[in-house]
Amino acid sequence: MNYTFERLSDDIKVAVTPDHTFGTDAVILAYFAKAKRKDRCIDMGTGCGIIPLLWLRDKGQSAVHCLDIQQNAIEQVNASIEQNLLGDRLVPHLCDLREIEKEFKPEGFTLVTMNPPYKPINTGFESLGESARIARHEVCCNIEDAVKAANYLLTYGGRFCMCHRPERLVDALAIMRKYKIEPKRLRFVVDKAGEEPFLFLVEGKKGAKPFLRVEPSLVIKGDDSKFTKEMLSVYGSYADGYEDKIR
């Protein structure tokens, strides 16, 4: 397989292909999750591994795990591991999260993330390649599958962070509470101030008491249609050298 490598920092590059690339949603989710250096982190449905690789720009970040159901995605993550000499700092798993217990012991992680498929089956354009269809439609997992797996993986007090479309917000919060992952932080993302959100970010804590904080919206562009200061912080070192691409 021929990969294109995109620079995330001076030390980290990510392998991308037409089957497994990444968008703004994943970059924002990595930022929102605020991985701590001592966190035991895993990203589910990792695709090209963009979220773990963004975290690993910090040389002090502890080892990160990731999983995907698709063999070609895991091979692509392995290409990034080899390119960046990450050794055991990034550990990929070929795994169906609906059978998470076959790959992992329970309660092994303090932070779980997922940028899940947004579209239910039989909606939108499904005349896609198999990899794209799995990534965009709830073919191999849905919100409940993701939250159930997160509950299994998380320690008591551990955090689960995900993003999704606003029309699925009630579903997401109800399912998180069902599996004892209490929603604690909620943030909407808008293209410009005053517009309707196109994305929400939510963080839940396993076993926590009810109390939800709604944070100020993340605004992507200012009135001049250029990225806001916060969005430049979201991209971090990835913005260097890609001004024409991301602004």
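Modeller: A network of salt bridges links D39, R159, R185, E203, R213 and E215. Here a salt bridge needs a Lys or Arg side-chain nitrogen within 4 Å of a carboxyl oxygen of Asp or Glu. This is a predicted model, where local features need pLDDT of at least 70, side-chain atom pairs count only at pLDDT 80 or more, and totals for chains, interfaces and linings use all residues. Numbering starts from 1 along each chain as its sequence is written, and side-chain values use heavy atoms, with hydrogens and water left out.

Searching the whole structure gives 17 salt bridges. Three further pairs deserve a look.

Start with R165 and D25. They form a salt bridge, with 3.4 Å between the closest N and O atoms. R165 sits in the loop between β7 (154-164) and α6 (169-178), while D25 belongs to helix α1, so this pair ties together parts that are 140 residues apart in sequence. R165 counts as partly exposed, at 25% relative accessibility. D25 counts as buried, at 13%. The cut-offs are under 20% relative accessible area for buried, over 50% for exposed, and in between for partly exposed (1.4 Å probe, protein chains only).

Next comes K178 with E144. Their closest N and O atoms are 2.7 Å apart in a salt bridge. K178 is in helix α6 and E144 in helix α5 (residues 143-153), so the pair ties together parts 34 residues apart in sequence. K178 is exposed, with a relative accessible area of 51%. E144 is partly exposed, with 25%.

The last pair is R177 and E182. Their side chains meet in a salt bridge at 2.5 Å, N to O. R177 is partly exposed, with a relative accessible area of 48%. E182 is buried, with 8%.

So how do the partners compare in cover? E182 is buried while R177 is partly exposed.

In general, side chains of opposite charge can pair when their charged atoms come close.

Technical notes:
Helices (H or I, at least four residues) and strands (E, at least two) are DSSP runs, numbered from the N terminus.
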